[in-house]
Amino acid sequence: VTVSAGAAVRVSMESMGDAALLLRWAGAGPAGAPLAVEAARRAIRAARLAGVVDVISAPATLLVRFDPARVSAAALAGRLPALAGGAVPKRQPRQHRLAVRYGGDAGPDLEEVADLLGLSLDQVVARHTARAYTVMATGFAPGFVYLGPLPPSLRLPRREEPRPAVPAGSVAIADAQTGVYGVRSGGGWWLIGRAQAPTFHPDRNPPTRFAIGDRVTFEALG
Amino acid sequence: MTGLEVVVAGPATTVQDLGRPGYGAYGVPEGGAMDQGLAVLANRRAGNPESAPALEFVLTGPTLRWTGRRRLRCVVAGDGVSEVTLARGDELAVEALRDPEVMGARGTCLPGGFGGFLGRELQAGDVLPVGRGRATSKPRAGERRDPMPVDGDHSGGDLGGQAVTLRVLPGDRAAARARTFRSLLAAQWVAGDGNRVGLRLQGPSLSERQLHLSQPIPPGAVQVSGAGQPILLLRDHPTVGGYPVIAVVVRQDLDLGARLRPGTPVRFVPA
(Lines give C-alpha, C1' and ligand atoms only; values in the text may rest on other atoms or scores of the structure.)
Protein backbone atom coordinates (compact mmCIF):
# COMPACT_ATOMS: atom_id res chain seq x y z
CA VAL A 1 0.00 0.00 0.00
CA THR A 2 1.37 3.39 -0.85
CA VAL A 3 -0.19 6.74 -0.10
CA SER A 4 1.05 10.21 -0.79
CA ALA A 5 2.17 12.32 2.17
CA GLY A 6 2.89 15.60 0.47
CA ALA A 7 5.41 16.62 -2.14
CA ALA A 8 7.59 13.71 -3.27
CA VAL A 9 7.31 11.92 0.08
CA ARG A 10 5.55 8.58 -0.04
CA VAL A 11 4.50 6.32 2.78
CA SER A 12 4.68 2.59 2.19
CA MET A 13 3.51 -0.15 4.50
CA GLU A 14 4.76 -3.68 5.12
CA SER A 15 4.47 -6.37 7.79
CA MET A 16 7.13 -7.00 10.35
CA GLY A 17 6.27 -10.40 11.79
CA ASP A 18 2.68 -11.31 12.69
CA ALA A 19 2.01 -8.50 15.17
CA ALA A 20 3.37 -5.29 13.65
CA LEU A 21 3.09 -3.15 10.54
CA LEU A 22 5.92 -0.84 9.53
CA LEU A 23 5.22 2.43 7.75
CA ARG A 24 8.12 3.90 5.83
CA TRP A 25 8.52 7.47 4.56
CA ALA A 26 10.47 7.33 1.32
CA GLY A 27 12.00 10.27 -0.48
CA ALA A 28 12.40 12.30 2.69
CA GLY A 29 16.18 12.59 2.45
CA PRO A 30 19.00 11.35 4.67
CA ALA A 31 17.54 12.87 7.84
CA GLY A 32 14.20 11.15 7.33
CA ALA A 33 10.90 12.89 7.96
CA PRO A 34 10.69 12.94 11.76
CA LEU A 35 7.91 15.55 11.94
CA ALA A 36 5.66 13.67 9.53
CA VAL A 37 6.37 10.40 11.34
CA GLU A 38 5.58 11.93 14.71
CA ALA A 39 2.37 13.48 13.38
CA ALA A 40 1.35 10.05 12.11
CA ARG A 41 2.16 8.48 15.47
CA ARG A 42 -0.06 10.99 17.25
CA ALA A 43 -2.88 10.54 14.72
CA ILE A 44 -2.79 6.74 14.99
CA ARG A 45 -2.74 6.85 18.79
CA ALA A 46 -5.56 9.38 18.87
CA ALA A 47 -7.68 7.11 16.65
CA ARG A 48 -7.60 4.43 19.42
CA LEU A 49 -7.86 1.59 16.93
CA ALA A 50 -8.94 -1.69 18.49
CA GLY A 51 -6.07 -4.12 18.96
CA VAL A 52 -3.26 -1.58 18.56
CA VAL A 53 -0.91 -1.96 21.52
CA ASP A 54 1.89 0.50 20.72
CA VAL A 55 3.06 2.96 18.08
CA ILE A 56 6.80 3.64 17.91
CA SER A 57 8.47 6.26 15.75
CA ALA A 58 11.96 6.55 14.28
CA PRO A 59 13.29 9.20 11.84
CA ALA A 60 11.72 7.69 8.71
CA THR A 61 9.70 4.71 9.97
CA LEU A 62 6.80 4.05 12.29
CA LEU A 63 5.96 0.69 13.85
CA VAL A 64 2.35 -0.09 14.68
CA ARG A 65 2.27 -3.08 17.05
CA PHE A 66 -1.03 -4.92 17.40
CA ASP A 67 -2.54 -8.00 18.98
CA PRO A 68 -3.34 -10.38 16.11
CA ALA A 69 -6.00 -12.03 18.29
CA ARG A 70 -7.95 -8.76 18.33
CA VAL A 71 -7.40 -7.23 14.89
CA SER A 72 -6.16 -8.62 11.60
CA ALA A 73 -3.21 -7.10 9.80
CA ALA A 74 -5.42 -6.58 6.76
CA ALA A 75 -8.09 -4.69 8.70
CA LEU A 76 -5.50 -2.53 10.35
CA ALA A 77 -3.68 -1.92 7.09
CA GLY A 78 -6.90 -0.54 5.70
CA ARG A 79 -7.09 2.11 8.41
CA LEU A 80 -3.49 3.30 8.66
CA PRO A 81 -2.78 5.04 5.32
CA ALA A 82 -5.43 7.72 5.83
CA LEU A 83 -4.17 8.39 9.36
CA ALA A 84 -0.50 8.40 8.36
CA GLY A 85 -0.82 10.40 5.20
CA GLY A 86 -2.69 13.32 6.69
CA ALA A 87 -1.27 16.83 6.76
CA VAL A 88 1.29 17.48 9.49
CA PRO A 89 -0.61 19.32 12.22
CA LYS A 90 0.82 22.62 13.35
CA ARG A 91 2.19 21.60 16.71
CA GLN A 92 4.26 24.30 18.35
CA PRO A 93 7.66 22.77 19.09
CA ARG A 94 8.84 23.26 22.66
CA GLN A 95 12.16 24.93 23.48
CA HIS A 96 14.31 23.16 26.06
CA ARG A 97 17.42 24.53 27.78
CA LEU A 98 19.62 21.97 29.47
CA ALA A 99 22.26 23.03 31.98
CA VAL A 100 25.26 20.76 31.45
CA ARG A 101 28.50 20.23 33.31
CA TYR A 102 31.11 19.50 30.64
CA GLY A 103 34.28 17.45 31.12
CA GLY A 104 35.74 15.91 34.24
CA ASP A 105 33.76 13.07 35.79
CA ALA A 106 30.61 14.39 34.10
CA GLY A 107 32.14 14.16 30.62
CA PRO A 108 34.96 11.62 30.77
CA ASP A 109 35.55 11.62 26.99
CA LEU A 110 35.82 15.38 26.53
CA GLU A 111 39.63 15.43 26.47
CA GLU A 112 39.91 12.54 24.03
CA VAL A 113 37.23 14.11 21.82
CA ALA A 114 39.14 17.41 21.79
CA ASP A 115 42.39 15.59 20.94
CA LEU A 116 40.81 13.62 18.12
CA LEU A 117 39.14 16.73 16.68
CA GLY A 118 42.23 18.93 17.12
CA LEU A 119 40.28 21.40 19.24
CA SER A 120 40.71 22.76 22.76
CA LEU A 121 38.26 21.66 25.48
CA ASP A 122 36.72 25.12 25.45
CA GLN A 123 36.27 25.03 21.70
CA VAL A 124 34.41 21.72 21.87
CA VAL A 125 32.10 23.10 24.55
CA ALA A 126 31.63 26.40 22.71
CA ARG A 127 30.69 24.62 19.49
CA HIS A 128 28.40 22.14 21.21
CA THR A 129 26.51 24.94 22.99
CA ALA A 130 26.45 27.30 19.99
CA ARG A 131 23.36 25.98 18.23
CA ALA A 132 19.87 24.74 18.89
CA TYR A 133 19.36 21.07 18.01
CA THR A 134 16.20 19.38 16.81
CA VAL A 135 14.83 16.28 18.54
CA MET A 136 15.09 13.66 15.77
CA ALA A 137 13.87 10.66 17.74
CA THR A 138 13.37 9.38 21.26
CA GLY A 139 13.88 5.84 22.37
CA PHE A 140 16.38 3.01 22.03
CA ALA A 141 16.64 3.08 25.83
CA PRO A 142 14.03 4.69 28.11
CA GLY A 143 14.15 8.46 27.71
CA PHE A 144 17.07 8.59 25.29
CA VAL A 145 16.82 11.70 23.11
CA TYR A 146 18.46 11.85 19.66
CA LEU A 147 19.36 15.41 18.64
CA GLY A 148 20.85 16.79 15.49
CA PRO A 149 22.50 17.87 13.41
CA LEU A 150 25.85 18.22 15.14
CA PRO A 151 28.25 20.83 13.67
CA PRO A 152 30.54 19.06 11.16
CA SER A 153 33.63 20.05 13.17
CA LEU A 154 32.41 17.89 16.12
CA ARG A 155 31.70 14.68 14.23
CA LEU A 156 33.47 11.48 15.21
CA PRO A 157 32.55 7.84 14.59
CA ARG A 158 31.22 6.19 17.74
CA ARG A 159 33.68 4.68 20.24
CA GLU A 160 35.11 1.31 19.31
CA GLU A 161 34.27 -0.17 22.69
CA PRO A 162 30.82 0.69 24.02
CA ARG A 163 30.62 1.27 27.76
CA PRO A 164 28.48 -1.23 29.70
CA ALA A 165 27.08 1.58 31.86
CA VAL A 166 26.60 5.24 31.01
CA PRO A 167 25.19 7.43 33.82
CA ALA A 168 21.72 8.96 33.43
CA GLY A 169 21.82 12.51 32.10
CA SER A 170 25.01 11.97 30.12
CA VAL A 171 25.33 14.24 27.09
CA ALA A 172 27.07 12.44 24.26
CA ILE A 173 28.04 12.82 20.62
CA ALA A 174 28.49 10.36 17.75
CA ASP A 175 28.54 10.94 14.01
CA ALA A 176 26.11 13.74 13.12
CA GLN A 177 24.13 13.37 16.34
CA THR A 178 24.23 14.42 19.94
CA GLY A 179 22.03 12.89 22.58
CA VAL A 180 21.02 12.71 26.22
CA TYR A 181 20.78 9.43 28.14
CA GLY A 182 17.52 9.36 30.09
CA VAL A 183 18.56 6.49 32.33
CA ARG A 184 21.73 4.60 33.13
CA SER A 185 22.35 2.25 30.21
CA GLY A 186 25.05 0.88 27.95
CA GLY A 187 26.29 3.13 25.17
CA GLY A 188 28.97 3.68 22.56
CA TRP A 189 28.77 7.44 22.16
CA TRP A 190 31.39 9.90 23.39
CA LEU A 191 30.45 11.34 26.78
CA ILE A 192 31.24 15.05 26.93
CA GLY A 193 29.03 16.24 29.80
CA ARG A 194 26.07 15.58 32.03
CA ALA A 195 22.76 17.38 32.30
CA GLN A 196 22.07 18.48 35.85
CA ALA A 197 18.32 17.83 35.86
CA PRO A 198 16.76 14.44 35.15
CA THR A 199 15.21 14.13 31.71
CA PHE A 200 13.21 10.92 32.26
CA HIS A 201 10.40 10.62 34.79
CA PRO A 202 8.77 7.18 34.90
CA ASP A 203 6.06 8.47 37.25
CA ARG A 204 4.82 11.13 34.79
CA ASN A 205 2.79 10.71 31.64
CA PRO A 206 4.42 11.22 29.23
CA PRO A 207 7.65 10.22 31.00
CA THR A 208 9.72 12.68 29.03
CA ARG A 209 8.99 16.27 27.96
CA PHE A 210 11.01 15.92 24.76
CA ALA A 211 8.97 15.37 21.63
CA ILE A 212 10.18 14.95 18.07
CA GLY A 213 10.58 18.37 16.48
CA ASP A 214 11.32 20.16 19.77
CA ARG A 215 14.40 22.38 19.96
CA VAL A 216 17.13 21.89 22.54
CA THR A 217 20.02 24.13 23.55
CA PHE A 218 22.80 23.27 25.98
CA GLU A 219 24.20 25.70 28.49
CA ALA A 220 27.65 25.14 30.02
CA LEU A 221 27.81 25.35 33.80
CA GLY A 222 30.95 27.12 35.00
CA MET B 1 8.01 -4.32 57.98
CA THR B 2 6.50 -7.71 57.32
CA GLY B 3 6.46 -9.37 53.96
CA LEU B 4 8.61 -11.74 51.99
CA GLU B 5 12.20 -11.28 52.93
CA VAL B 6 14.78 -12.15 50.31
CA VAL B 7 17.32 -14.47 51.93
CA VAL B 8 19.10 -15.45 48.72
CA ALA B 9 18.12 -13.54 45.58
CA GLY B 10 19.15 -15.94 42.82
CA PRO B 11 20.92 -14.72 39.68
CA ALA B 12 18.17 -12.71 37.97
CA THR B 13 15.02 -12.54 40.08
CA THR B 14 12.62 -9.71 39.27
CA VAL B 15 9.00 -8.77 39.85
CA GLN B 16 7.14 -9.10 36.52
CA ASP B 17 3.58 -8.86 35.23
CA LEU B 18 2.21 -8.90 31.68
CA GLY B 19 4.08 -5.79 30.58
CA ARG B 20 3.46 -2.11 29.92
CA PRO B 21 2.72 -1.65 26.21
CA GLY B 22 2.23 1.86 24.88
CA TYR B 23 5.44 3.60 25.87
CA GLY B 24 7.72 2.40 23.07
CA ALA B 25 7.96 5.91 21.67
CA TYR B 26 9.78 6.91 24.86
CA GLY B 27 12.19 4.01 24.65
CA VAL B 28 10.32 1.86 27.15
CA PRO B 29 9.97 -1.77 26.00
CA GLU B 30 6.73 -3.63 26.68
CA GLY B 31 8.65 -5.94 29.01
CA GLY B 32 6.58 -8.30 31.14
CA ALA B 33 7.23 -11.87 32.23
CA MET B 34 9.47 -13.75 29.84
CA ASP B 35 6.97 -16.62 29.86
CA GLN B 36 3.60 -14.88 30.02
CA GLY B 37 1.60 -18.09 29.62
CA LEU B 38 3.27 -19.37 32.76
CA ALA B 39 2.59 -16.14 34.65
CA VAL B 40 -1.10 -16.31 33.68
CA LEU B 41 -1.31 -19.94 34.69
CA ALA B 42 0.27 -19.29 38.08
CA ASN B 43 -1.98 -16.31 38.75
CA ARG B 44 -5.10 -18.30 37.86
CA ARG B 45 -4.07 -21.05 40.22
CA ALA B 46 -3.49 -18.46 42.93
CA GLY B 47 -6.88 -16.85 42.31
CA ASN B 48 -5.24 -13.60 41.25
CA PRO B 49 -6.02 -11.46 38.23
CA GLU B 50 -3.99 -12.74 35.28
CA SER B 51 -1.89 -9.61 35.20
CA ALA B 52 -0.96 -9.63 38.91
CA PRO B 53 2.77 -9.28 39.49
CA ALA B 54 4.77 -12.44 40.12
CA LEU B 55 8.37 -13.23 40.83
CA GLU B 56 10.34 -14.35 37.81
CA PHE B 57 13.55 -16.22 38.30
CA VAL B 58 16.12 -18.00 36.16
CA LEU B 59 17.75 -21.35 36.98
CA THR B 60 18.25 -21.13 40.75
CA GLY B 61 15.37 -19.21 42.22
CA PRO B 62 15.39 -17.09 45.32
CA THR B 63 15.08 -18.21 48.91
CA LEU B 64 12.39 -16.18 50.64
CA ARG B 65 11.28 -15.97 54.24
CA TRP B 66 7.69 -15.12 55.10
CA THR B 67 7.47 -12.77 58.09
CA GLY B 68 3.72 -12.02 58.03
CA ARG B 69 1.25 -13.19 60.65
CA ARG B 70 -1.36 -14.66 58.28
CA ARG B 71 -0.59 -17.73 56.25
CA LEU B 72 0.54 -17.13 52.69
CA ARG B 73 -0.46 -19.41 49.84
CA CYS B 74 2.19 -19.57 47.11
CA VAL B 75 2.00 -20.98 43.62
CA VAL B 76 5.27 -22.02 42.06
CA ALA B 77 5.17 -22.61 38.31
CA GLY B 78 7.91 -23.92 36.08
CA ASP B 79 8.51 -27.64 36.05
CA GLY B 80 4.82 -28.22 36.54
CA VAL B 81 2.82 -26.19 39.04
CA SER B 82 2.79 -26.68 42.79
CA GLU B 83 1.28 -24.93 45.76
CA VAL B 84 2.72 -24.29 49.16
CA THR B 85 1.30 -22.51 52.19
CA LEU B 86 3.74 -20.62 54.35
CA ALA B 87 3.43 -19.81 58.03
CA ARG B 88 5.54 -17.16 59.69
CA GLY B 89 9.23 -18.01 59.44
CA ASP B 90 8.78 -20.46 56.58
CA GLU B 91 10.96 -20.05 53.55
CA LEU B 92 10.10 -20.24 49.82
CA ALA B 93 8.75 -18.40 46.66
CA VAL B 94 5.62 -16.25 45.70
CA GLU B 95 2.56 -14.44 44.32
CA ALA B 96 0.28 -11.50 45.12
CA LEU B 97 2.96 -8.89 45.38
CA ARG B 98 1.87 -5.37 46.13
CA ASP B 99 4.07 -3.12 44.06
CA PRO B 100 3.20 0.39 42.99
CA GLU B 101 1.97 0.84 39.46
CA VAL B 102 4.32 2.71 37.12
CA MET B 103 3.17 3.47 33.56
CA GLY B 104 0.18 1.21 33.98
CA ALA B 105 2.06 -1.88 35.12
CA ARG B 106 3.73 -3.35 38.18
CA GLY B 107 6.59 -5.24 36.58
CA THR B 108 10.25 -4.32 36.67
CA CYS B 109 11.62 -2.38 33.70
CA LEU B 110 15.31 -3.18 34.09
CA PRO B 111 16.38 -1.00 31.12
CA GLY B 112 14.62 1.96 32.73
CA GLY B 113 15.42 1.14 36.34
CA PHE B 114 11.80 1.54 37.47
CA GLY B 115 8.75 -0.54 38.31
CA GLY B 116 8.56 -3.77 40.29
CA PHE B 117 10.80 -3.71 43.34
CA LEU B 118 12.88 -0.51 43.11
CA GLY B 119 13.32 -1.07 39.38
CA ARG B 120 16.00 -3.70 39.84
CA GLU B 121 16.80 -7.36 40.37
CA LEU B 122 16.16 -8.54 43.90
CA GLN B 123 18.96 -8.63 46.45
CA ALA B 124 19.36 -10.43 49.75
CA GLY B 125 17.77 -8.37 52.51
CA ASP B 126 14.95 -6.96 50.36
CA VAL B 127 11.50 -7.28 51.90
CA LEU B 128 8.68 -7.58 49.36
CA PRO B 129 5.31 -6.22 50.42
CA VAL B 130 2.59 -8.82 49.92
CA GLY B 131 -1.09 -8.02 49.34
CA ARG B 132 -4.12 -9.81 50.68
CA GLY B 133 -4.23 -12.39 47.90
CA ARG B 134 -6.54 -10.13 45.98
CA ALA B 135 -4.22 -7.98 43.92
CA THR B 136 -5.61 -4.60 42.89
CA SER B 137 -4.41 -4.67 39.29
CA LYS B 138 -7.08 -5.45 36.73
CA PRO B 139 -6.56 -7.20 33.43
CA ARG B 140 -6.51 -4.67 30.62
CA ALA B 141 -9.71 -4.26 28.64
CA GLY B 142 -10.05 -6.87 25.96
CA GLU B 143 -7.16 -8.86 27.30
CA ARG B 144 -7.27 -12.45 26.15
CA ARG B 145 -4.37 -14.73 26.70
CA ASP B 146 -4.62 -18.46 26.34
CA PRO B 147 -3.30 -20.29 29.35
CA MET B 148 -0.64 -22.83 28.61
CA PRO B 149 -1.42 -26.42 29.61
CA VAL B 150 0.38 -27.54 32.75
CA ASP B 151 1.45 -30.91 31.45
CA GLY B 152 1.97 -29.91 27.85
CA ASP B 153 4.17 -27.03 26.95
CA HIS B 154 5.15 -26.34 30.50
CA SER B 155 6.05 -29.79 31.70
CA GLY B 156 9.67 -28.70 31.77
CA GLY B 157 10.09 -25.03 32.59
CA ASP B 158 13.83 -25.21 32.14
CA LEU B 159 14.56 -27.39 29.19
CA GLY B 160 18.30 -26.88 29.41
CA GLY B 161 19.79 -28.54 26.38
CA GLN B 162 16.53 -29.56 24.68
CA ALA B 163 16.07 -27.95 21.27
CA VAL B 164 13.64 -25.06 20.93
CA THR B 165 11.82 -24.40 17.67
CA LEU B 166 10.61 -20.87 17.03
CA ARG B 167 8.14 -19.91 14.31
CA VAL B 168 9.17 -16.79 12.40
CA LEU B 169 7.88 -14.48 9.70
CA PRO B 170 10.07 -12.14 7.67
CA GLY B 171 10.88 -8.69 9.01
CA ASP B 172 10.62 -5.57 6.88
CA ARG B 173 12.06 -5.45 3.34
CA ALA B 174 11.16 -9.14 3.07
CA ALA B 175 11.94 -9.41 -0.64
CA ALA B 176 15.34 -7.75 -0.39
CA ARG B 177 16.26 -9.88 2.63
CA ALA B 178 14.77 -13.17 1.44
CA ARG B 179 18.17 -14.81 1.10
CA THR B 180 19.21 -14.02 4.64
CA PHE B 181 15.80 -15.18 5.90
CA ARG B 182 16.31 -18.52 4.13
CA SER B 183 19.80 -18.81 5.63
CA LEU B 184 18.30 -18.30 9.08
CA LEU B 185 15.81 -21.13 8.46
CA ALA B 186 18.40 -23.47 7.02
CA ALA B 187 21.00 -23.21 9.75
CA GLN B 188 21.32 -24.90 13.15
CA TRP B 189 21.73 -22.34 15.90
CA VAL B 190 22.87 -22.52 19.48
CA ALA B 191 21.80 -19.98 22.07
CA GLY B 192 24.68 -17.91 23.35
CA ASP B 193 24.77 -15.36 26.15
CA GLY B 194 21.45 -13.75 26.86
CA ASN B 195 19.17 -12.02 29.29
CA ARG B 196 15.74 -10.33 29.23
CA VAL B 197 16.95 -7.97 26.50
CA GLY B 198 17.99 -10.61 24.02
CA LEU B 199 20.21 -13.46 23.13
CA ARG B 200 23.11 -14.04 20.77
CA LEU B 201 22.70 -16.89 18.29
CA GLN B 202 25.79 -18.92 17.51
CA GLY B 203 26.05 -20.42 14.06
CA PRO B 204 27.06 -19.33 10.58
CA SER B 205 27.74 -15.69 9.87
CA LEU B 206 24.91 -13.96 8.02
CA SER B 207 25.39 -10.97 5.80
CA GLU B 208 22.82 -8.24 5.33
CA ARG B 209 23.03 -4.61 4.20
CA GLN B 210 23.13 -2.32 7.21
CA LEU B 211 20.64 0.50 7.74
CA HIS B 212 21.21 4.21 7.19
CA LEU B 213 18.65 5.23 9.77
CA SER B 214 17.59 3.51 12.96
CA GLN B 215 14.18 1.82 12.91
CA PRO B 216 11.67 0.72 15.54
CA ILE B 217 11.93 -2.93 16.60
CA PRO B 218 9.20 -5.34 17.72
CA PRO B 219 9.89 -7.96 20.42
CA GLY B 220 11.02 -11.23 18.88
CA ALA B 221 13.00 -9.50 16.14
CA VAL B 222 16.06 -11.31 14.81
CA GLN B 223 18.65 -8.68 13.96
CA VAL B 224 21.90 -9.17 12.11
CA SER B 225 24.81 -7.16 13.52
CA GLY B 226 27.53 -5.59 11.39
CA ALA B 227 29.74 -8.56 12.23
CA GLY B 228 27.09 -10.94 10.83
CA GLN B 229 25.87 -12.33 14.13
CA PRO B 230 22.14 -12.80 14.59
CA ILE B 231 20.64 -11.51 17.84
CA LEU B 232 17.16 -12.52 19.03
CA LEU B 233 15.52 -9.64 20.89
CA LEU B 234 13.26 -10.52 23.81
CA ARG B 235 10.91 -8.67 26.20
CA ASP B 236 13.27 -5.87 27.33
CA HIS B 237 14.62 -5.12 23.85
CA PRO B 238 15.74 -1.64 22.75
CA THR B 239 12.74 0.00 21.06
CA VAL B 240 14.79 1.44 18.19
CA GLY B 241 17.91 0.00 16.61
CA GLY B 242 20.31 0.31 13.74
CA TYR B 243 20.63 -3.32 12.62
CA PRO B 244 18.45 -4.89 9.91
CA VAL B 245 15.65 -7.17 11.14
CA ILE B 246 15.58 -10.30 8.98
CA ALA B 247 12.84 -12.19 10.86
CA VAL B 248 10.38 -11.83 13.74
CA VAL B 249 9.31 -14.64 16.07
CA VAL B 250 5.50 -14.90 16.11
CA ARG B 251 3.86 -13.50 19.20
CA GLN B 252 2.63 -16.86 20.46
CA ASP B 253 6.17 -18.26 20.50
CA LEU B 254 7.76 -15.40 22.42
CA ASP B 255 7.24 -17.25 25.71
CA LEU B 256 9.66 -19.90 24.47
CA GLY B 257 12.40 -17.29 24.72
CA ALA B 258 12.28 -17.94 28.46
CA ARG B 259 13.61 -21.44 27.87
CA LEU B 260 16.76 -20.52 26.03
CA ARG B 261 19.97 -21.03 27.96
CA PRO B 262 23.54 -20.86 26.70
CA GLY B 263 23.98 -24.07 24.70
CA THR B 264 20.29 -24.64 23.87
CA PRO B 265 19.91 -25.68 20.20
CA VAL B 266 17.54 -23.32 18.36
CA ARG B 267 15.74 -23.80 15.04
CA PHE B 268 13.65 -21.32 13.14
CA VAL B 269 10.72 -22.50 11.02
CA PRO B 270 8.42 -20.41 8.83
CA ALA B 271 5.08 -19.64 10.49
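Author: Here is a walk through the place where the chains come together, followed by a few spots around it.

First, some ground rules: this is a predicted model, where local features need pLDDT of at least 70 and side-chain atom pairs count only at pLDDT 80 or more, while totals for chains, interfaces and linings use all residues. Residues are numbered from 1 along each chain as its sequence is written, chains are lettered from A and ligands numbered from 1 in the order in which they are written, and side-chain values use heavy atoms, leaving out hydrogens and water.

Now for the meeting place. Contact (heavy atoms within 4.5 Å) links 40 residues of chain B with 45 residues of chain A. Together the two chains bury about 3,200 Å², with 58% of that on carbon and sulfur atoms; buried area is the accessible area, taken with a 1.4 Å probe, that two parts lose on being put together, summed over both. On the chain B side, B:Tyr26, B:Pro216 and B:Arg251 lose the most area to chain A, and together they make up 22% of what that side buries.

Charges meet here too. The interface holds 3 salt bridges (a side-chain nitrogen of Lys or Arg within 4 Å of a carboxyl oxygen of Asp or Glu). One of the salt bridges pairs the side chains of A:Arg24 and B:Asp172, at 2.9 Å from N to O.

How far does the predictor trust all this? The model scores ipTM 0.87 and pTM 0.86. For chain B, the mean pLDDT (the predictor's confidence in each residue, from 0 to 100) is 82, and 84% of its residues reach 70 or more. Watch residues 133-159 of chain B, though: pLDDT is below 50 there, and the stretch has 61 contacts in the model beyond near neighbours in sequence.

The peptide bond from A:Gly148 to A:Pro149 is cis, with omega near -15°, and A:Pro149 sits in the loop between strand 8 (145-148) and strand 9 (163-166). Helices (H or I, at least four residues) and strands (E, at least two) are DSSP runs numbered from the N terminus. Another cis bond joins A:Asn205 and A:Pro206, with omega about 0°; A:Pro206 belongs to the loop between strand 13 (190-195) and strand 14 (215-220). Then there's A:Arg48, which isn't glycine but has a positive phi, near 45°, in the loop between helix 1 (34-46) and strand 4 (52-57).
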